[in-house]
Amino acid sequence: MKVNVNESEIDSSENKEKEPVIEEVAEETKPMLDYSNIKSSKDIDVPPLLIDQVIGHEESIETIKKAAKQRRNVLLIGDPGVGKSMLAKGMAQILPHETLQDVLIYPNAEDSNHPLIRTVPAGEGKKIVQATKASSKGYEEKKNLLTMFAIGAVIVIGFMYGRLLESIIACALILLISIQLKPRNTTLSPKLLVNNEDKRFAPFMDATGAHAGALLGDVRHDPYQSGGLGTPAHERVEAGMIHKANRGVLYIDEIGTMSMKTQQELLSAMQEKQYAITGQSENSSGAMVRSQAAPCDFVLVASGNIQVLEGMHIAMRSRIRGYGYEVFMKDSMDDTEENREKLVQFVAQEVKNDGRIPHFAPDALDEIILEAKRRSGKQNALTLRLRELGGLVRSSGDVAIEHGADLVTAEHVLEAKKFSRTLEQQIADRSIIQRKEYSMVNAEGGKVGMVNGLAVLGDRSGIVSPIAAEAAPSLSKNGGKIIATGKLGEIAQESVQNVSALIKKYTDKDISDYDIHVQFIQTYDGVEGDSASVSIAAAVISAVEDIPIDQTVALTGSLNVRGDVMPIGGATAKIEAAAESGLKKVLIPKSNLKDVMIEKKYEDMIEIIPTETLSDVLENILINSTEKDNLLSKMSALKNKVSDTVSSSISKPTHN
Ligand SMILES: Nc1ncnc2c1ncn2[C@@H]1O[C@H](COP(=O)(O)OP(=O)(O)OP(=O)(O)O)[C@@H](O)[C@H]1O
């Protein structure tokens with residue numbers, strides 16, 4: 001990929017020869033890895049334990065292993081799909097499982113609404129229940145026989161005396177009584193609340209979004225409360241996830257969305273390591289029942305993004321801090337050979353877990369690594385948002401199956417990329433078509449106060465976002481106003497205010513003498529406008545100075561108050577959107593140059609010009625004219641004056 005570093009890059013004060021410098025941006029032509037040892041991802045070993053399958057979070061894995069050993073709580077904070085729940089599941093696999101218990105609940109002869117809890121080693125619970133059931137089986141058989149006989153007799157008598165209706169009612173009554181009649185050993189037989197029989201690993205309970213009943217346990221409602229017809233209280237008790245997670249992991253994603261009351265209860269369960277089960281609905285007969293406390297000695301792994309902390313009970317966070325670890329998870333890893341190999345392992349894992357798609361050939365693995373690079377949006381990094389990358393792995397596999405291929409190839413990955421576009425990408429695509437149809441993007445000529453800004457929709461879809469500025473002398477005695485319209489009005493206001501000092505400095509015009517209108521034309525919901533300040537400054541300067549802007553150029557960058565162009569996010573997506581819209585050049589902050597990983601098809605469509613200062617931007621975007629030359633020489637003189645002042649102050653020693 002060729003990138004033109006424009007002549008404006010060369011410091012004019014040094015009077016160097018003004019020749020454009022051509023800079024090579026690292027081009028990925030050779031394979032990303034040495035695949036000589038493998039034919040496909042099938043030859044890659046997938047580790048048996050989940051924790052060893054987690055890619056790119058070495059430090060977090062260390063912490064999780066430490067936490068598992070000491071049974072500590074963990075708070076995992078990070079972006080969606082970076083492997084938080086995978087780490088929590090992995091933790092459950094490395095917790096000791098020899099100490100697992102079954103929990104039984106028994107009726108209480110003294111207080112039927114206070115059933116009793118008994119814990120036994122894992123696997124024993126089922127045996128106890130089966131033994132009690134076996135002894136009551138004989139009774140059940142006899143009872144059923146007797147019931148059938150009674151029903152038969154009533155029907156025959158009913159026929160004989162012509163009282164069929166009464167006999168049917170009598171049969172129904174006999175059936176009801178028979179169902180309710182339970183032998184003493186049946187009513188006294190325990191119920192298995194928590195069964196850990198044959199568990200190879202400690203339990204993992206995902207309580208994300210669980211309501212209080214499912215989380216803390218509940219007692220079912222029973223309408224037959226009187227006359228001994230009701231179901232015994234202990235049989236209506238249901239264990240909560242906190243009980244099922246006993247000696248294992250209780251995982252809660254987005255814990256901050258849980259009600260404070262539930263968090264409070266969870267906290268007391270964590271403190272006491274046991275929790276009595278009661279009916280959660282006040283209007284239910286279950287609310288009368290309260291079991292003896294059942295064990296719930298779980299490790300809590302809570303997770304979410306950073307905002308989740310706002311909704312989190314303060315004591316809960318303090319408990320995790322005091323008795324556990326807080327982990328901030330990365331969203332990307334360094335682009336090293338070792339990490340590329342891990343990505344290959346990731347592909348092998350995803351293929352194995354999916355079980356329906358073929359393995360990946362080396363060229364397809366290369367495409368996935370390249371995509372991981374692109375999605376990281378950073379120089380020398382690979383994304384760790386692996387759930388989304390896993391989506392591409394699966395859809396590439398689906399394409400290969402459609403083509404009847406035994407292995408997924410690079411072509412399949414590229415085809416999958418085309419149709420598995422995110423909603424934001426589809427909206428961006430559609431807007432590009434619309435803009436082309438209605439000629440909203442000006443891809444030719446020069447216009448005063450009109451600039452092709454670039455923005456990002458979602459997290460990786462670029463969009464051309466035209467900005468128009470109009471400057472009119474203010475008639476108000478109190479000076480001019482900045483009037484910003486469109487959805488990004490606030491950002492526009494702020495940007496104009498930030499750049500007003502620069503505009504004043506560079507144009508010799510006080511923009512407070514003008515009413516300046518700035519409009520973001522056709523802005524979409526979800527467009528972030530932080531990187532529009534360079535575009536706004538260019539549009540306003542063009543409007544104030546009446547110098548047309550080249551409409552074949554698009555630009556992006558954040559401008560600081562000193563006139564330096566600062567880096568922005570989504571450089572690659574923005575450049576691709578500009579190319580797709582038919583624009584010929586794109587100005588991006590120089591510091592973003594290494595982040596650029598545009599697809600091959602765009603490479604010859606657009607010229608990328610890195611910029612460092614507002615002067616670089618104006619040099620490249622204003623249409624050549626005497627006014628432009630005057631403005632730029634004024635700016636360059638100013639720059640020289642500033643550097644002279646700085647160098648003289650450095651060279652003169654001061655004596656205090
Ligand atoms: N670091 C990783 N290593 C290997 N696979 C990963 C990693 N991160 C995500 N995945 C893949 O993505 C899937 C989803 O990840 P997971 O559910 O753990 O993400 P999460 O961070 O918990 O997301 P969310 O916060 O949205 O629940 C995993 O089952 C796995 O296939």
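Modeller: Please begin with the active site. The UniProt annotation "active site", from an unreviewed entry, covers Ser531 and Lys574. They span 44 residues in sequence, yet no two of their C-alpha atoms are more than 10.8 Å apart, so they gather at one spot. UniProt positions follow the numbering used here, feature names are shortened, and annotations may be inferred rather than shown by experiment. Residues are numbered from 1 along each chain as its sequence is written. This is a predicted model, in which local features need pLDDT of at least 70 and side-chain atom pairs count only at pLDDT 80 or more, while totals for chains, interfaces and linings use all residues.

Colleague: Why is serine 531 called buried?

Modeller: A residue is buried if 20 or more other C-beta atoms, placed from the backbone, lie within 10 Å of its own, exposed if 12 or fewer, and partly exposed in between. Serine 531 has 28 C-beta neighbours inside 10 Å and therefore counts as buried. Lysine 574 has 29 such neighbours inside 10 Å, so lysine 574 counts as buried too.

Colleague: Where do serine 531 and lysine 574 lie?

Modeller: Serine 531 is in the loop between strand S22 (527-528) and helix H17 (533-545), and lysine 574 is in helix H18 (residues 571-580). Helices (H or I, at least four residues) and strands (E, at least two) are DSSP runs, numbered from the N terminus.

Colleague: What is serine 531 in contact with, leaving aside neighbours within four places in sequence?

Modeller: Two residues are in contact if their C-beta atoms, placed from the backbone, lie within 7 Å. With neighbours within four places in sequence left aside, serine 531 is in contact with Ala455, Thr556, Gly557, Ser558 and Ile568. Not counting residues up to four places away in sequence, lysine 574 touches Leu454, Val456, Gly462 and Thr556.

Colleague: What makes a set of residues a nonpolar core?

Modeller: The set must consist of buried Ala, Val, Leu, Ile, Met, Phe, Trp, Tyr and Cys residues joined through C-beta atoms within 7 Å. The largest such core has 86 residues, and Met91, Val301 and Val347 are among those with the most contacts inside it. Domain 2 (57-121 + 199-329) and domain 4 (330-420) both give residues to this core, so it lies between them. Domain bounds come from an automatic or database domain assignment. Apart from this core lies another, of 62 residues, including Met450 and Ala538.

Colleague: Which residues come nearest to the ligand?

Modeller: Of the 19 residues around the ligand, Pro80, Gly83, Lys84, Met86 and Arg387 come nearest; a residue is near if its C-beta atom, placed from the backbone, lies within 6 Å of the molecule. Domain 2 (57-121 + 199-329) and domain 4 (330-420) each supply at least three residues of this shell.

Colleague: How many helices and strands has the protein?

Modeller: The protein has 21 helices and 28 strands. Of its 656 residues, 40% are buried.
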